[in-house]
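Trainee: I have the sequence and the model open. Could we go through them together?
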Amino acid sequence: MKHHFHIENMKCNGCVVNVEKSIASLPGVTTVQVDLEGRSAVVEGEIAPERIIQAISKAGYPTSLQA
Ligand SMILES: [Cu+2]
């Protein structure tokens, strides 16, 4: 399953690393691609998108599912 997210508040590559780490540490995630300029992320894996949203938001980046 591939999930697309819109992520607020990423300002530098450090933010990208934070977001990547918070997603990659979740069980079931196989690949993570974070786009700083596009303020978005694509995540592949067997995981509910709500869990990903929760993890990123908790790291300080308000996130929503992108259609
Ligand atoms: Cu930053």
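This is a predicted model: local features need pLDDT of at least 70, side-chain atom pairs count only at pLDDT 80 or more; totals for chains, interfaces and linings use all residues.

Trainee: Which residues coordinate the copper ion?
Mentor: Cys-12 and Cys-15 do so, each through its SG atom, at 2.1 Å.

Trainee: Are those two cysteines buried or exposed?
Mentor: Cys-15 has a relative accessibility of 10%, so Cys-15 counts as buried. Cys-12 is at 39%, which places Cys-12 in the partly exposed class.

Trainee: And how many disulfides are there?
Mentor: The count is zero.

Trainee: What box do the C-alpha atoms fill?
Mentor: Along the principal axes, the box is roughly 30 × 25 × 20 Å. Of the 67 residues, 37% are buried. The accessible surface is about 4000 Å², and carbon and sulfur atoms account for 52% of that surface.

Trainee: What share of the contacts links residues 24 or more positions apart?
Mentor: Among contacts with a separation of 6 or more, the share is 62%.

Trainee: Now helix α2. Which of its residues are buried?
Mentor: In α2, which covers residues 49–58, the buried ones are Pro-49, Ile-52, Ala-55 and Ile-56. Viewed down the helix axis, the buried residues fall within an arc of 125°, so they line one face of α2.

Trainee: Why would residues spaced like that point the same way?
Mentor: An α-helix has 3.6 residues a turn, so residues three or four places apart point the same way.

Trainee: What do the buried residues of α2 pack against?
Mentor: They pack against strands β1 (2–7), β3 (40–45) and β4 (63–65), and against helix α1 (13–24). On the other side of α2, Glu-50, Gln-54 and Lys-58 are exposed.

Trainee: What comes after α2?
Mentor: Gly-60 follows α2, and its phi is positive, near 110°.

Trainee: Which residues other than glycine have a positive phi?
Mentor: Asn-9 is one of them, with phi near 90°, and Arg-39 is another, with phi near 50°. As background, most residues other than glycine have a negative phi.

Trainee: Where do those two sit?
Mentor: Both are in loops: Asn-9 lies between β1 and α1, and Arg-39 lies between β2 (29–35) and β3. Asn-9 has a relative accessibility of 37% and therefore counts as partly exposed. Arg-39, with a relative accessible area of 38%, is partly exposed as well.

Trainee: What is Ser-40 in contact with, leaving aside its neighbours within four places in sequence?
Mentor: On that basis, Ser-40 is in contact with Phe-5, Ile-7, Met-10, Gln-33, Val-34, Asp-35 and Gln-66.

Key: Residues are numbered from 1 along each chain as its sequence is written. Side-chain values use heavy atoms; hydrogens and water are left out. Buried means under 20% relative accessible area, exposed over 50%, partly exposed in between (1.4 Å probe, protein chains only). Helices (H or I, at least four residues) and strands (E, at least two) are DSSP runs, numbered from the N terminus. The arc is that of the directions from the helix axis to the C-beta atoms. Contact means heavy atoms within 4.5 Å. Donors are N, O and S atoms within 2.8 Å of the metal (3.2 Å for Na, K and Ca); water is not among the atoms, so sites may look incomplete. A disulfide is a pair of cysteine sulfur atoms within 2.5 Å. Accessible areas come from the Shrake-Rupley method with a 1.4 Å probe; for residues, only the protein chains shown count as cover.
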